[in-house]
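Me: Could you take a close look at one part of this model with me? I would like to go through its charged pairs and a helix packing.

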Amino acid sequence: MSWDVSGLNERLVRDVVVYILAPLALALTHGRHIGYRVNRTAIRNTVLLSLFVLPFYVVGSSLPTIRAYYPMWETGAALGEFLPHALKQFIVAVAAETYYRGLLCVGVREIGFKSVFISPVVYAFHHLYKPPIELALSGPTDVLFGAVDYKSESILPSVVAHGLGLAALDWLVLHPPVVPPELVLRLLSWLPIPL
């Protein structure tokens, strides 16, 4: 967390070094499997998890705090500009999932299902600066992603759900809301956090 970055390219370098290469080195030196596995179960769970979280991204993209925060790094809606941005975001998601779900969940699966509860606190700390609704959802999301990856013995479900979700969120925020913001705000007005 102390390696501060200012742009997406710098974030990409930092995250690949800290969250992909370091966990892979630890896994290799300790004979651990951290979820770089693709099989039928992982693919099925990837599709199911991605379909489950997609509505959250669609609804979330209508919230004023989310629209004010995203995209985190400047991009435009033109495909020539957006697709490279989305690919970089996907690599950032691969890095996050390698660390949080790979190293801290699948990598210690021998302790049992409780391994899915290791990373939510660290994950939440990394979301402190984000919109309050995102911070509130980070813990349950971390547990859900960890549980699916644990059962899959693969980080593929969380990598795809997170990576495609980030791209979808940025795309949605760059366009008029799919769901009217006033409807979402009215339906979520019971929440005690700014939306």
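Is Asp142 buried or exposed, and which salt bridge does Arg101 form with it?

Reply: Happy to! Bear in mind that this is a predicted model. Asp142 is buried, as its relative accessible area is 0%. Its partner is Arg101, and the closest N and O atoms of this salt bridge are 2.0 Å apart. The pair ties together distant parts of the chain, with Arg101 in helix H4 (residues 79-103) and Asp142 in helix H6, 41 residues apart. Arg101 counts as buried too, at 1% relative accessibility.

Helix H6 (residues 132-152) also packs against helix H2 (residues 40-60): their axes come within 9 Å and cross at roughly 165°. Because of that angle, H2 is roughly antiparallel to H6. The crossing is right-handed. On the H2 side the contact is made by Thr41, Ala42, Asn45, Leu49, Phe52 and Val53, and on the H6 side by Leu144, Phe145, Val148, Lys151 and Ser152. Sorted by class, these are 7 nonpolar, 3 polar and 1 charged residues.

Back to the charges: the whole structure holds 8 salt bridges. One of them joins Lys130 and Glu134, at 3.5 Å from N to O. Lys130 is buried at 11% relative accessible area, and Glu134 is buried at 18%. Another joins Asp15 and Arg11, with the closest N and O atoms 2.7 Å apart. Both lie in helix H1 (residues 8-29), 4 residues apart, or about one turn of the helix. Asp15 counts as buried at 2% relative accessibility, and Arg11 is buried at 14%. Together with Arg14, these two residues are linked in a network of salt bridges.

Technical notes. Residues are numbered from 1 along each chain as its sequence is written. This is a predicted model: local features need pLDDT of at least 70, side-chain atom pairs count only at pLDDT 80 or more; totals for chains, interfaces and linings use all residues. Side-chain values use heavy atoms; hydrogens and water are left out. Axes are lines fitted to C-alpha atoms, for helices over the stretch in contact, and angles run from 0 to 180 degrees between N-to-C directions. Helices (H or I, at least four residues) and strands (E, at least two) are DSSP runs, numbered from the N terminus. Angles under 35 degrees count as roughly parallel, over 145 as roughly antiparallel, 65 to 115 as roughly perpendicular and the rest as oblique. A crossing is left-handed if the near helix is turned anticlockwise from the far one by less than a right angle, and right-handed if clockwise. Contact means heavy atoms within 4.5 Å. Ala, Val, Leu, Ile, Met, Phe, Trp, Tyr, Cys and Pro count as nonpolar, Asp, Glu, Lys and Arg as charged, and the others, Gly among them, as polar. A salt bridge is a side-chain nitrogen of Lys or Arg within 4 Å of a carboxyl oxygen of Asp or Glu. Buried means under 20% relative accessible area, exposed over 50%, partly exposed in between (1.4 Å probe, protein chains only).
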